[in-house]
Amino acid sequence: MTVVGSDTERLTRADNAEPLLVVKDLKTHFKIDAGIVKAVDGVSFELERGKTLGIVGESGSGKTVLSRSVMRLNIASNVINTGSIRYDGVELIDKSSKQMQKLWGVEMAMVFQDPMTSLNPVVRVGRQLTEHLRYHLGVGKAESRANAIELLRSVKIPEPESRIDNYPHEMSGGMRQRVCIAIALACGPKMLFADEPTTALDVTVQHQILNLLATQQQDRFMTMIMVTHDLGVVAGRTDEIAVMYAGKVVEKAPTPSLFADMRHPYTQALLWSIPKVSQPKHTRLSAIAGRPPDLINPPSGCSFSPRCPYAQDKCREEEPPLVAASTPGHEFACWYPVGSPENQEAYDRNLAAGVAVTLAAEGRITATEELTSDIIAADLINDVIDISNDEVGN
Amino acid sequence: MGRILATRLLRLGATLFAVTFLSFIMTSLLPGDPVNAILGVDAPRDQETVDRIRDELGLDKPLPVRYVNWLGSAVQGDLGESYINRGQTVWGDTIVQRLPVTAQLAFMAIIIAVILAVPIGVLGAYRQGRWEDQTTSAGVQVALSVPNFITGIFLIWLFAVKLKWLPASNWNRISDKGLIANLETAILPSTALALTQMAIFSRLVRSDMIATLQENFVLSAKAKGLSDRYVLFRHALRPSSLSLATIVGINFGALLGGTVVIETLFAIPGLGFRLINAINQRDILVIQGITVFVAVAYVLINTIVDLLYTVLDPRIRKG
């Protein structure tokens, strides 16, 4: 019963240089009283060593469940996991919780969304930093204390020697998230999952945390999956982005191609929902009309069709497959992709017919390039803020 | 901390006043005249003797005056003397003598209950809804619904009558017979008391633990690859034990006055046994003294428990 793999396994792996993570047709369904929730419904992707994948989607799109499923954190009797997750050449989908424990923390680690609740309030930071180090690697007490101090220093927490004896409530939100990152880094994992790592933080702190994650990733040559609802967060910090809707990947592309040439209406809508610096004051936020779909009984055809300004009869009947776009590695699932003449026709037709969603979309800015440059501008502003706030707020 | 203590002490004073006053009134309202009890049923009762005794005990004075007089000596540590066994003081010869017995019973009962309840409660929460949970829950339900004297009788039958491992009744003081002999007489009654407590505690631990296991920090501990047992006992247990600490305090206090039946069943010379005698004999000052003492102990224990919260949850410490 090898868990991570024997030596021979490692040898063959080095030969064919498989990507660190290969996920194929992954499904995570939850059995509840009301039916089966298809939280993740057939997701495939590959992730090369040292690269970062951004998973983007709104609440309920399945992105958090996806990241937890890949890490196999949601093993329970009412969860059905199917498909394939090959991590470093080893299949994880049939592993038990007990077998996964040997990978968690050591091989793959996760930084959670809310640092206020993901640290144990009644345990000192020092023990939380190193308990898994001691558990997995058998590090002694004195040595683990030194390790903890070193970890706190590496995530830029001032006075780590005294901070180590703090309880979480004695730290600020940003500092706690730094602690969470340090915890994730403690055993030197190859694969880091960051599940909305900045959502619960102040805007100024968000940027520091993202930078910290990026530098740590580079220094340690980690592979990373960053889950977020904010396209702006992943814009400059990922190699590839997968946009999720209703448990499926609807568009996937290398980051530059996605912003240069986004094809899926949902991706476009997500981008539009970011407030822009160049917009006049008091511009209404353009929200995505409607709600995320019911994952027990998803709409027929394309699951985004009820909210899509371009939706046609075909969209409501037939589910679009993922197809390749012109740039390599870019895929999308849409019958009337953004930027195509069919898309324009569909829009005009809906507008003429007075379809509500389309009317709501009317009046939005459409030039995608302008928007991307806005994001970059916003990033720059954040950088300036970051420099002035370099000291960790307390 | 200083402020918490000050409010506590203030509250303690108010509680004690209420307790002493109420118990004074109630013991006075007991049917039957203590003078009759003192004289005995057959004794010749001429009005002169009755009046003399009333005068001696201060029973001829109105109730508020008696209360104030009693309170005046009580705060000086003098709880009076037994009406029936003259010369026997309520404090020195009754409470000081018998408290260690009852306190030991209550303490052992609580310890046994906690030792059993924590693993049972944790298991129930961990395997919620599975057979392990259902079996333990059913067992707990039974333990909760069986009165402790029934448990006591069963224990006597099994361990004293059938197996002959332990004595059926009586009490060996540590000072007289040593620790082993003492425990031999203490284990059955305290187990009988513990069973109900165990049921209450394990239910609390289970439900608190179920709530704690939903917390994000439990998932993050799990994501570190720590074993389930480590996560349960080193992460989830402490945040789940606040209600347990409360109820342990409350029930320890309650047991000090609530061992009456078990002490009677096992013929144990504790406070409860004495209290029953005193009530039967209308020995008002003894009833009064024991009641007040138990109340004071109860309030004090709960104050200690409140301070213990700060140990369990560091976030309360600054408050």
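Let me begin with conventions. The model is predicted, so local features are reported only at pLDDT of at least 70 and side-chain atom pairs only at pLDDT 80 or more, whereas totals for chains, interfaces and linings use all residues. Residues are numbered from 1 along each chain as its sequence is written, chains are lettered from A and ligands numbered from 1 in the order in which they are written, and side-chain values use heavy atoms, with hydrogens and water left out.

First, confidence. pLDDT is the predictor's confidence in each residue, on a scale from 0 to 100. Chain A averages a pLDDT of 85, and 87% of its residues score at least 70. Residues 1-15 of chain A fall below 50, and this stretch has 23 contacts in the model beyond near neighbours in sequence. Residues 365-370 of chain A are also below 50, with eight such contacts. A contact here means heavy atoms within 4.5 Å.

Next, the overall composition. Chain A contains 15 helices and twelve strands; these are DSSP runs numbered from the N terminus, with helices being H or I of at least four residues and strands being E of at least two. Of its 394 residues, 54% count as buried, where buried means under 20% relative accessible area, exposed means over 50%, and partly exposed lies in between, using a 1.4 Å probe and protein chains only. Chain A exposes about 17,200 Å², of which carbon and sulfur atoms supply 54%; the areas come from the Shrake-Rupley method with a 1.4 Å probe, and for residues only the protein chains shown count as cover. Among contacts in chain A with a separation of 6 or more, 67% join residues 24 or more positions apart.

I turn to the eight-stranded sheet. This open sheet of chain A has the order β6-β7-β8-β3-β9-β10-β12-β11, with mixed pairing; two strands pair if DSSP finds at least two bridges between them. Its edge strands are β6 and β11 (323-324) of chain A, each pairing on one side only. Helix α7 (residues 173-185) of chain A packs on this sheet, touching β6 and β7 of chain A, and its direction makes about 175° with that of β6(A). Such angles run from 0 to 180 degrees between N-to-C directions, with axes fitted as lines to C-alpha atoms, for helices over the stretch in contact. Helix α11 (residues 265-272) of chain A lies across β3, β9 and β10 of chain A, at about 100° to β9(A).

How many residues of strand β7 (residues 191-195) of chain A are buried? Five of its five are. In a regular strand the side chains alternate between the two faces of the sheet. In β7(A), A:Met191, A:Phe193 and A:Asp195 are buried on one side, and A:Leu192 and A:Ala194 on the other. β7(A) runs parallel to β6 (residues 108-111) of chain A, joined by four bridges, and A:Val111 stands opposite A:Ala194. With β8 (residues 223-228) of chain A, β7(A) pairs in the parallel sense over five bridges. From β7(A) the chain crosses through helix α8 (residues 203-220) of chain A to β8(A), a right-handed β-α-β crossover: with the strands pointing away from the viewer, the path from the first strand over the helix to the second runs clockwise.

The other sheet to discuss is an open, antiparallel one of four strands, in the order β2-β1-β4-β5 of chain A. β2 (35-47) and β5 (90-91) of chain A each have a single partner strand, so one side of each is left without a neighbour in the sheet. β1 (residues 21-32) of chain A pairs with β2(A) over ten bridges, with A:His29 opposite A:Lys38. Helix α2(A) packs on this sheet, touching β1, β2 and β4 (79-87) of chain A, at about 115° to β1(A).

Within α2 (residues 63-70) of chain A lies A:Leu66, buried at a relative accessible area of 1%. Leaving aside neighbours within four places in sequence, A:Leu66 contacts residues including A:Leu26, A:Val40 and A:Met244. The C-alpha atoms of A:Leu66 and A:Leu26, 40 residues apart along the chain, are separated by 8.4 Å.

A:Ile149, in helix α5 (residues 141-154) of chain A, is buried at 15%. Not counting residues up to four places away in sequence, A:Ile149 touches A:Pro160, A:Glu161 and A:Ile164.

Finally, chain B. The buried residues of helix α11 (residues 228-236) of chain B are B:Tyr230, B:Val231, B:Leu232, B:His235 and B:Ala236. These pack against α4 (125-137) of chain A, together with α5, α9 and α10 of chain B.
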